[in-house]
Amino acid sequence: MTPPDASSTLAEKTSIELAAEPAEILRLAEQKLLVDRESITFEDAIAIQQLPDDQLGHLADLAHRVRLDYCGESVEVESIISGKTGGCPEDCNFCSQSSVFGSEVAPTGFIPPEQLLAAAEATAETGATEFCIVYAVRGPDRRLMDHVIECTKLVHDNVPGLEVAASLGILTPEQAKELSDAGVHRYNHNLEAAKSYFPEVCSTHTWEDRMETCELVRETGMELCSGGIIGLGETREQRIEFAFQLAALEPHEVPMNFLNPRPGTPMEDRELVSPTEAIRTIALFRLIMPATTIRYAGGREITLGDLQEMGMKSGVNALITGNYLTTLGQNVGNDLGMLEDLKMPIKAVSKVL
Ligand code: SF4
């Protein structure tokens, strides 16, 4: 199946999909990406996805070389904080912050600005350059907009060099412009899953609703961060579909989460993605989006375990460190130690405010 948004025509089909030998498939992918600097097609990606497990190391190695070639060796480190937890009226089936399922997360009010500032200062001390404030809402009202604008100013005035990112759900054009004007540097709004699978994920808003906000963000000049979750029950082919739909959106950054099933949600019994499938999917995302920042996000610890270092060498060039919104992450020191062991420098602060 070819997804509607994937740019693949019969004329573009290459011999990658026709190649019989795994080594030849990888050689042709390398030729396309690193020599001819062309994109791979949907059919190419399917052929690569079907490589046997004994080729996984070679696939990861190719993805790592593509990442180094297109993005360089540095790694962008970010930390996230919940600006408001739980009580969301939407029904995303993986999410413990939805009020629809009666799950484990108790709703909170907005984080006090002074508490947020302390977290921003602690984030900057780790060497991180991005600080993302996330609110569990369908979209912002006036009160939330004012809170985010106040917090953004507070961070800018007190923590030089730390970029503020925000995630407040579905935006109107006026809200997107106001956030951009207030200095929000990056906006996160995940597509979450392939268009063909999204109706299994959520019924209270559509994939197109999410896409519209992503397009608005790009129009205002904020950087767009949009990714999703692997392991929601989608097929392997839908993972490829999803990657091409993200590629068509041209986000600055794609956070890759792996489902960590939350008690009380409709997806609580989903099986974890296997570590080898996770590595394979990271590598494929890199080959499909060679120049995009691909960020390790939630679920990597439980999914990859000891293979997290291999994941970093399969195409990832950014990570969220510390805790996630409703689950514990890896200790910051462990993450920084991992980057040191891998000899991957942390991306320098790009702007002094
Ligand atoms: S993913 Fe976001 S929009 Fe969906 S239920 Fe959770 S907090 Fe709400």
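Biologist: How many bridges pair β3 with strand β4, and in which sense do they run?

Modeller: In this predicted model, two bridges pair β3 with β4 (residues 186–188), and the sense is parallel.

Biologist: How does the chain get from β3 to β4?

Modeller: The path goes through helix α6 (residues 173–181), and this β-α-β crossover is right-handed.

Biologist: Is β3 enclosed or open, and how should I read its two faces?

Modeller: Here is the general idea: side chains in a regular strand alternate between the two faces of the sheet. In this case, β3 (residues 163–167) is largely enclosed by the rest of the structure, because five of its five residues are buried. Both faces are covered, with E163, A165 and S167 buried on one side and V164 and A166 buried on the other.

Biologist: Now a contrasting spot: is G102 buried or exposed, and why?

Modeller: G102 is exposed, because 8 other C-beta atoms lie within 10 Å, and the cut-off for exposed is 12 or fewer. G102 sits in the loop between β1 (76–84) and α4 (113–125). In sequence, G102 and G264 are 162 residues apart, yet their C-alpha atoms are 6.7 Å apart in space.

Biologist: Which residues are around the ligand?

Modeller: They are C88, E90, C92, C95, Q97, S98, A136 and G169. This shell divides into four nonpolar, three polar and one charged.

Methods. Residues are numbered from 1 along each chain as its sequence is written. This is a predicted model: local features need pLDDT of at least 70, side-chain atom pairs count only at pLDDT 80 or more; totals for chains, interfaces and linings use all residues. Helices (H or I, at least four residues) and strands (E, at least two) are DSSP runs, numbered from the N terminus. A residue is buried if 20 or more other C-beta atoms lie within 10 Å of its own, exposed if 12 or fewer, and partly exposed in between; C-beta atoms are placed from the backbone. A residue is near a molecule or strand if its C-beta atom, placed from the backbone, lies within 6 Å of it. Ala, Val, Leu, Ile, Met, Phe, Trp, Tyr, Cys and Pro count as nonpolar, Asp, Glu, Lys and Arg as charged, and the others, Gly among them, as polar. Two strands pair if DSSP finds at least two bridges between them. A crossover is right-handed if, with the strands pointing away from the viewer, the path from the first strand over the helix to the second runs clockwise.
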